[in-house]
Amino acid sequence: MTERPDHPSTEDAPESPYEPEELVPQDGVGVPDPFMRLWTPHRMAYIEGENKPTSSAAGSGCPFCRLPSEPDAQALIVHRGEAAYAVLNLYPYNPGHLMVVPYRHVADYTELTDAEVADVSALTRQAMQAIRTVSAAHGFNIGMNQGEIAGAGIAAHLHQHVVPRWTGDTNFMPAIGHTKVLPQLLSDTRALLAKNWP
């Protein structure tokens, strides 16, 4: 393998646990080009449905039922309200993408009590304030997918997405490369949002 002139030598770089012991050329890759590739194999867990509930029943099989019983930092819970809580999305579209989830295992928005509707609404507003404080979001996508046919990943337990948006965040990476670059670890994002929750 020849060293590219626009890239520094890696001989003195510390060993990475993610690098293979030996680089093996791949047949059929074509002529080398100037693009760097960002591989995100961890997304396959989401695509293949790993850890997705196999039942629509409430309980430990439902991640949204289980998370409130865990410590906030471990569960990535940003804030707990009286009837709902805010938790970071494990597969975020943008940094700070979180969900507001009622504690009660309920699938349909029309089944929420008045108190749950009020808490989901209040936590959504607070999430927007916290995200604006820490990252100056230019806008938000807010919504919920009702039912699997509408795109809900976990349809049996309602959850509302709060996705921060910035000018230019839909560049060539997600639009053409189907890859999202996230500059911050989820644990760091959770700590920052929790600290700045209104």
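Leaving aside residues up to four places away in sequence, Leu98 touches Ala86, Val87, Leu88 and Asn89, then Ala127 and Ile131, then Gln160, His161 and Val162, and finally Leu193 and Trp197. The model in which these contacts are found is predicted.

Leu98 also stands out in the largest nonpolar core, which has 28 residues: together with Phe64, Val87, Val162 and Trp197, Leu98 touches the most other members. Elements that each supply at least two residues of this core are β1 (77–80), β2 (84–88), β3 (98–102) and α4 (114–135). The helix α4 gives the most, with six residues.

With 22 residues, α4 reaches 32 Å from its first C-alpha to its last, close to the 32 Å expected at 1.5 Å a residue. Its buried residues are Glu116, Asp119, Val120, Leu123, Thr124, Ala127, Met128, Ala130 and Ile131. Two of these, Ala127 and Ile131, are also among the contacts of Leu98. Which elements cover the buried residues of α4? The cover includes the strands β1, β2, β3, β4 (139–143) and β5 (160–165), along with the helix α6 (186–195). Just after α4, Ala136 takes a positive phi of about 50 degrees.

Helix α6, part of that cover, contains Thr189. Thr189 counts as buried because its relative accessibility is 6%, under the 20% cut-off. Beyond four places in sequence, Thr189 touches Leu88, Gly96 and Gln184. Leu88 is also in the contact list of Leu98.

The cysteines pose a separate matter. How many disulfides does the structure hold? The number is zero. For Cys62, the closest cysteine sulfur is in Cys65, at 3.8 Å, and that is too far for a bond, because a disulfide needs the two sulfur atoms within 2.5 Å. Cys65 is likewise in no disulfide, its nearest cysteine sulfur being that of Cys62.

Now the chain as a whole. The protein chain has six helices and five strands, and along the sequence these follow the pattern α-α-α-β-β-β-α-β-β-α-α. Of the contacts between residues at least 6 apart in sequence, 61% join residues at least 24 apart. Buried residues make up 31% of the 198 residues. The accessible surface comes to about 13,300 Å², and carbon and sulfur atoms account for 56% of that area.

The mean pLDDT is 80, and 64% of the residues reach 70 or more.

How values were computed
Residues are numbered from 1 along each chain as its sequence is written. This is a predicted model: local features need pLDDT of at least 70, side-chain atom pairs count only at pLDDT 80 or more; totals for chains, interfaces and linings use all residues. Side-chain values use heavy atoms; hydrogens and water are left out. A nonpolar core is a set of buried Ala, Val, Leu, Ile, Met, Phe, Trp, Tyr and Cys residues joined through side-chain atoms within 4.5 Å. Buried means under 20% relative accessible area, exposed over 50%, partly exposed in between (1.4 Å probe, protein chains only). Helices (H or I, at least four residues) and strands (E, at least two) are DSSP runs, numbered from the N terminus. Contact means heavy atoms within 4.5 Å. The expected span of a helix is 1.5 Å times one less than its number of residues. Accessible areas come from the Shrake-Rupley method with a 1.4 Å probe; for residues, only the protein chains shown count as cover. pLDDT is the predictor's confidence in each residue, from 0 to 100.
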